[in-house]
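Please walk me through this structure, one element at a time.

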Amino acid sequence: MPYTPTDTDAAAVTAATRTWLEKAVIGLNLCPFAKAVHVKQQIRYVVSTATTPEALAEELMAELALLRDADPEAVETTLLIHPQVLGDFLDFNDFLDVADAIVEEMELDGELQVASFHPDYQFADSEPDDIENFSNRAPYPTLHLLRESSIAQAVQAFPDAADIYETNIETLQRLGHAGWRRLWLAEAAPNAGADEGGAAAH
């Protein structure tokens, strides 16, 4: 990746995450549901200042409450990006149990859920460098807050939604590690004319 997880400048972190969304998630169609909310500017980008899991848990609770109460036309989904905590993937993976417990504690089961992305994401039974891991590799550790109702609607709109994981593996295997690196060459090159458009940070 062309970005460093140690960067804590909120604008830079948001820009890197948006670029990843545009080039990888949308560009490779890793998630067929992402483009619509991106184009409609319904994604809330939040760069956490948390430096401990406890502080991140408090921020997660606040963001879950905000998403629960927000008009979906204004905020459909939230990316809670936390560059200063849980940089180790195993620690991050352990925290996902905390995130699920928070959802239950807030009685949001069936209403909201938390998905996950990480620079070192690794699926169970995979090797660290296996290309399929890159479907969930964001520039920074990120908790993705989603509405269950939106997922259900998206699945109805995309009958092959259950096959997304397998399709992503095939896409990434065709791309290969070299192809993945090429996605970021223009971004890393000087005067590359990177696109300034996209969903606004909230």
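This is a predicted model: local features need pLDDT of at least 70, side-chain atom pairs count only at pLDDT 80 or more; totals for chains, interfaces and linings use all residues.

The face turned away from its buried side carries Leu90, Asp94, Asp97, Glu104 and Glu105, which are exposed. The buried residues of α4 are Phe89, Phe92, Phe95, Leu96, Ala99, Ile102 and Val103. Viewed down the helix axis, these buried residues fall within an arc of 130°, so they line one face of α4. What do the buried residues of α4 pack against? Their partners are α3 (53-69), β3 (112-117) and β4 (142-147).

Aspartate 88 caps the N-terminal end. One of its side-chain oxygens lies 3.0 Å from the backbone nitrogen of leucine 90. Just after the helix comes glutamate 107, with a positive phi of about 55°. Glutamate 107 is not a glycine. Most residues other than glycine have a negative phi. Glutamate 107 sits in the loop between α4 and β3. Is glutamate 107 buried or exposed? Its relative accessibility is 68%, and exposed means over 50%, so glutamate 107 counts as exposed.

Next, the sheet. It is open and has four strands, in the order β1-β2-β4-β3, with mixed pairing. β1 (43-47) and β3 stand at the edges. Each has a single partner strand, so one side of each is left without a neighbour in the sheet. From one strand to the next, the twist averages 20°.

β3 and β4 run antiparallel and are joined by six bridges. Within this part of the sheet, serine 116 stands opposite leucine 143 in β4. Helix α5 (residues 148-157) packs on the sheet, where it touches β3 and β4. The direction of α5 makes about 75° with that of β4. Helix α3 lies across β1, β2 (77-81), β3 and β4. It runs at about 25° to β4.

The loop between β3 and β4 holds proline 139. Proline 139 has a relative accessible area of 2%, and buried means under 20%, so this residue is buried. Which residue lies 125 positions away along the chain, with its C-alpha atom 9.8 Å from that of proline 139? It is threonine 14.

Threonine 14 belongs to the buried set of helix α1. That set also includes Val13, Trp20, Leu21 and Ile26. Helix α1 spans residues 10-26 and has 17 residues. From its first C-alpha to its last it reaches 22 Å, close to the 24 Å expected at 1.5 Å a residue.

β1 and β2 pair in the parallel sense, over five bridges. Isoleucine 43 stands opposite threonine 77 in β2. How many of the five residues of β1 are buried? Five of the five are, so β1 is largely enclosed by the rest of the structure. Both faces of β1 are covered. Ile43, Tyr45 and Val47 are buried on one side. Arg44 and Val46 are buried on the other.

Phi of glutamine 41 is near 55°, a positive value in a residue other than glycine. Its relative accessibility is 40%, which makes glutamine 41 partly exposed.

Finally, step back to the whole chain. It has seven helices and four strands. From the N terminus on, they run α-α-β-α-β-α-β-β-α-α-α. Of the 202 residues, 46% are buried. Among contacts with a separation of 6 or more, 75% come from residues 24 or more positions apart.

Key. Residues are numbered from 1 along each chain as its sequence is written. Side-chain values use heavy atoms; hydrogens and water are left out. Buried means under 20% relative accessible area, exposed over 50%, partly exposed in between (1.4 Å probe, protein chains only). Helices (H or I, at least four residues) and strands (E, at least two) are DSSP runs, numbered from the N terminus. The arc is that of the directions from the helix axis to the C-beta atoms. Contact means heavy atoms within 4.5 Å. A polar contact is a pair of N or O atoms within 3.5 Å; within protein, one must be able to donate a hydrogen and the other to accept it, and residues adjacent in sequence count only if both atoms are side-chain atoms. Two strands pair if DSSP finds at least two bridges between them. Axes are lines fitted to C-alpha atoms, for helices over the stretch in contact, and angles run from 0 to 180 degrees between N-to-C directions. The expected span of a helix is 1.5 Å times one less than its number of residues.
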